Amino acid sequence: MEKKLKLMSWNINGIRAATKKGFLDVLNIENPDVMCIQEIKAMKEQLNEEILNPEGYKSFWFSAKRKGYAGVACYSKTEPINVFYGMDKEEFDCEGRSMTLEFDDFFLINCYYPNAQHELARIDYKIAFNNAIREHADNLRKTKTVILTGDYNVAHKEIDIARPKANVNSAGFSKPERESMDKFISDGWIDTFRIFNDKPEQYTWWSYRGAARKRNVGWRLDYFCVNEEAKERILNASIQSKIYGSDHCPITIELH
């Protein structure tokens, strides 16, 4: 019987806070082969053994140089062939923005894309990161399947946001960000969730204000994308909106 792989991604909005809200229970119950997390907001040396070495997993950490900010990490049942921390671009690597795990027949890139911020103060940095990570992924896809996951910090289309008209100039739904995502998709990348689900009101992030999650006034900011050539490997993709513990919820794919 062919083995299926289950991959999860979750912006946990602080690993220490998320652990107090049941993150390790989710890892245990969902039991993914690899869990990618973003916005860890911690240095490895600040974390206890329970977080660093949960049963059955190896963990890999790439923190921002600034304490309590950004950063990504991965938990994997299988030891990767290689782990690449960042992209050899100090302007992004200093914020712990990306990590790449190489396995036998695929690369898995875990990313925390920058937030463009109020009045798009960081839009140039965000677009520069988008271009750099796309170039990195395009180079890797020449040799094997590439899966690019994480918090992309953009709602790509109007269907991906509860209130598109009110947010047309907002960070995460601005024209430059959405055009950058258009370019990525047109370059031969597949948004896996939309293979299986074309319905509106499917979100992965909700503001803590105004009971937004209860009312489902959200944004879809988190994605699993694969190179076009690997589309047939994807068996399922879902949003786990019933899992709490962060302002984001986890997303999942299964693949051959």
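Predicted model: local features only at pLDDT ≥ 70, side-chain atom pairs only at ≥ 80, totals over all residues.
## Pockets

A pocket here is an open set of grid points with protein on both sides within 12 Å along at least five of seven lines. The largest pocket has a volume of about 870 Å³. Its lining counts 36 residues. Asn 115, Ala 171, Trp 205, Ser 207 and Trp 219 lie nearest the centre of this pocket. By class, the lining of the largest pocket splits into 13 nonpolar, 13 polar and 10 charged residues.

The second largest pocket has a volume of about 260 Å³. Here 16 residues form the lining. Nearest the centre of the second largest pocket lie Leu 5, Thr 78, Phe 103, Asp 105 and Phe 106. This lining holds six nonpolar, three polar and seven charged residues.

## Sheet with edges S5 and S9

Six strands make up an open sheet. The order is S5-S6-S7-S8-S12-S9, and the pairing is mixed. Strand S5 (82-85) and strand S9 (189-191) are the edge strands. Each of these two pairs on one side only. On average, neighbouring strands of this sheet are turned by 20° against each other, direction ignored.

Inside the sheet, strand S6 (residues 98-102) and strand S7 (residues 106-112) run antiparallel. Five bridges join S6 to S7. Glu 102 stands opposite Phe 107 in S7. Helix H5 (residues 123-140) packs on the sheet. H5 touches S6, S7, strand S8 (145-151) and S9. The direction of H5 makes about 170° with that of S7.

## Sheet with edges S3 and S13

A further open sheet of six strands has the order S3-S4-S2-S1-S14-S13. Its pairing is mixed. The edge strands are strand S3 (58-62) and S13, each pairing on one side only. Neighbouring strands of this sheet are turned by 15° against each other on average, direction ignored.

S1 and strand S2 (residues 34-38) run parallel and are joined by five bridges. Ser 9 stands opposite Cys 36 in S2. H2 packs on this sheet, where H2 touches S1, S2 and strand S4 (72-76). The direction of H2 makes about 165° with that of S1.

## Aromatic pairs

Across the whole structure, the search finds 14 aromatic pairs. One of them joins Trp 10 and Phe 23. Their ring centres are 6.0 Å apart and their planes stand at 45°, so the pair is tilted. Planes under 30 degrees apart would count as stacked, and those over 60 as edge-to-face.

Trp 10 lies in strand S1 (residues 5-11), and Phe 23 in helix H2 (residues 23-30). The pair therefore ties together parts that are 13 residues apart in sequence. H2 also touches S1 in packing on the sheet.

## Cavities

How many cavities of 30 Å³ or more does the structure hold? The search of the whole structure finds two. About 110 Å³ of space lies in the largest cavity. Its lining consists of Tyr 113, Lys 126, Asn 130, Ile 133, Arg 134, Tyr 152, Val 154, Glu 177, Ser 180, Met 181 and Phe 184. The elements giving two or more residues to this lining are H5 and helix H6 (175-186). Six residues of the lining are nonpolar, two polar and three charged. H5 is also the helix that packs on the sheet with S6, S7, S8 and S9 among its contacts.

The second largest cavity has a volume of about 50 Å³. Thr 192, Phe 193, Arg 220, Asp 222, Tyr 223, Phe 224, Ala 237, Ser 238, Ile 239, Ile 251 and Thr 252 line this cavity. Which elements give two or more residues to the lining of the second largest cavity? They are strand S12 (222-227), strand S13 (234-239) and strand S14 (251-255). S12 belongs to the sheet ordered S5-S6-S7-S8-S12-S9, whereas S14 and S13 belong to the sheet ordered S3-S4-S2-S1-S14-S13.

Terms used
Residues numbered from 1 in each chain as written. Heavy atoms only, no water. Pairing = 2+ DSSP bridges. Helix = DSSP H or I, 4+ residues; strand = E, 2+ residues; numbered from the N terminus. Axes fitted to C-alpha atoms, helices over the stretch in contact; angles between N-to-C directions. Contact = heavy atoms within 4.5 Å. 1 Å grid on protein atoms, 1.4 Å probe; cavity = no way out; pocket = protein on both sides within 12 Å on 5 of 7 lines; lining within 4 Å. Points joined across faces, edges and corners; volume = space filled by probe spheres on them. Nonpolar A, V, L, I, M, F, W, Y, C, P; charged D, E, K, R; others polar. Phe/Tyr/Trp six-rings, centres within 6.5 Å; stacked < 30°, edge-to-face > 60°.
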